[in-house]
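Colleague: Please take a close look at one helix pair for me. Then tell me what surrounds it.

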Amino acid sequence: MADGTPVQGSVWFYAPSKVGPILFTVLFGLSGAFHLWQCFHYKWFRVTAYLPFCCILFTAGFALRTVGANDYGNSNIYIASTILIYTAPPILELANYHILGRALYYVPYFSPIHPGRVLTTLGTLSVVVESLNGSGIAYLSTSRTNGNNNERRYALGLNLLRTSLALQLAVILFFYALAVVFHTRCARAGLNRRIRTVLVSLYVSMLLILARTVYRTVEHFAVADAATPAGVTTPGHGPSPGSSEEESWRGLSPIVRYEWFFWVFEAVPMLANVLLWNALHPRHRCGGNLPRDHRHYLAQDGETELDGPGWADRRNVVMTTIDPFGLLAMCEKERKGEIFWEENGYHHLLATKRENGQDV
């Protein structure tokens with residue numbers, strides 16, 4: 001209802017829009033088809049396959065929401081749609097991690113971290129975040145039906161959600177720190193034009209994801225308030241219109257009671273995100289024109305592109321994940337092959353130019 005009271009029999013709390021889901025199903029479907037074409041056209045499927053997959057999840061989720069808008073008492077449709085739409089953004093984050101890693105491979109001597117560790121480290125942390133988030137929601141949703149353990153499960157669920165939010169923010173800040181340090185180093189060396197567009201696109205993409213994360217977290221806490229052991233009944237099983245119990249819903253956060261929050265803070269930012277990468281694909285010249293092969297890199301003169309052996313890392317997966325900066329590896333005597341760019345001749349050329357007072 002327009003005044004924010006629950007719609008009788010609706011598992012969505014409100015009567016979902018019938019036009020919005022159709023529009024976003026079509027737009028995400030078109031974006032996903034374009035991303036799939038770009039993957040093959042630019043021969044970068046290994047890096048950007050996350051993007052069409054993300055669009056597929058969104059397309060399926062909004063298609064089910066379209067069905068749910070015409071059958072808003074069907075809890076199975078509601079659950080399936082919510083899961084699909086909720087699962088897609090973390091996939092988009094993985095795409096951003098991989099793209100940043102490729103940018104670091106392209107200018108390896110300014111990378112603050114082994115480029116291959118961006119995806120594994122941040123991806124692992126993201127899995128932990130989603131696990132904590134899912135567990136927190138599960139505890140909150142069952143706190144109303146678990147006998148004497150209601151209050152304990154409710155408190156545990158809230159703590160898990162708070163932890164997941166804090167860790168999510170830490171992951172995003174870590175991502176920004178890596179990108180900004182790298183960006184600053186490139187700018188000081190006059191290489192900013194080479195990677196500016198792809199990095200700015202990453203900044204915008206992660207900012208949209210952050211806004212969506214905050215929205216979802218606030219929503220979860222608002223739903224948790226409705227699911228407290230002493231709380232009111234859940235949407236879809238509420239009282240008849242006009243009863244005193246219905247009025248208790250007015251104390252809930254508007255983020256639960258009004259659908260427009262979902263469209264403004266979830267649907268629109270995520271659509272803008274996938275369209276951003278359609279328009280500024282990292283392999284396209286206007287998007288950064290990163291090379292297809294991660295062993296292809298920019299020499300220190302900022303103009304010459306060379307093929308190298310790739311940034312080696314002889315440590316096992318566990319060590320590279322828990323020690324992404326290679327702090328422990330610095331103690332090793334043999335690290336031959338890791339700093340390959342110092343052997344391409346440009347390192348000595350630049351040193352000679354500096355000694356002679358020439359511009360570099």
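Modeller: Start with direction: α3 and α4 are roughly antiparallel, because angles over 145 degrees count as such. Their axes cross at roughly 160° and come within 8 Å. Here α3 covers residues 50-69 and α4 covers residues 75-106. An axis is a line fitted to C-alpha atoms, for helices over the stretch in contact, and angles run from 0 to 180 degrees between N-to-C directions. The α3 and α4 crossing is left-handed (the near helix is turned anticlockwise from the far one by less than a right angle). The contact of α3 with α4 has 20 nonpolar, 5 polar and 1 charged residues. For these classes, Ala, Val, Leu, Ile, Met, Phe, Trp, Tyr, Cys and Pro count as nonpolar, Asp, Glu, Lys and Arg as charged, and the others, Gly among them, as polar.

This is a predicted model: local features need pLDDT of at least 70, side-chain atom pairs count only at pLDDT 80 or more, and totals for chains, interfaces and linings use all residues. Numbering starts from 1 along each chain as its sequence is written, and side-chain values use heavy atoms, without hydrogens and water.

Now a residue in α4. Ala80 is found in this helix. Ala80 counts as partly exposed, at 28% relative accessibility (buried is under 20% relative accessible area, exposed over 50%, partly exposed in between, with a 1.4 Å probe and protein chains only). Ala80 lies 9.2 Å from Ala60, C-alpha to C-alpha, and the two are 20 residues apart in sequence.

The whole structure holds 2 cavities of 30 Å³ or more. A cavity is a set of points on a 1 Å grid over the protein atoms alone, where a 1.4 Å probe fits but cannot get out; lining residues have an atom within 4 Å of a point. The largest cavity has about 130 Å³ of space, a volume being the space filled by probe spheres set on the points. Its lining has 17 residues, and Tyr86, Glu130, Asn133, Gln168 and Thr213 lie nearest the centre. Two or more lining residues come from each of α4, α5 (116-142), α6 (150-188) and α7 (192-226). α7 gives the most, with 6 residues. By class, the lining of the largest cavity has 7 nonpolar, 6 polar and 4 charged residues.

Helices (H or I, at least four residues) and strands (E, at least two) are DSSP runs, numbered from the N terminus. Of the 360 residues, 47% count as buried.

Note on methods
Angles under 35 degrees count as roughly parallel, over 145 as roughly antiparallel, 65 to 115 as roughly perpendicular and the rest as oblique. On a 1 Å grid over the protein atoms alone, a cavity is a set of points where a 1.4 Å probe fits but cannot get out, and a pocket is an open set with protein on both sides within 12 Å along at least five of seven lines; lining residues have an atom within 4 Å of a point.
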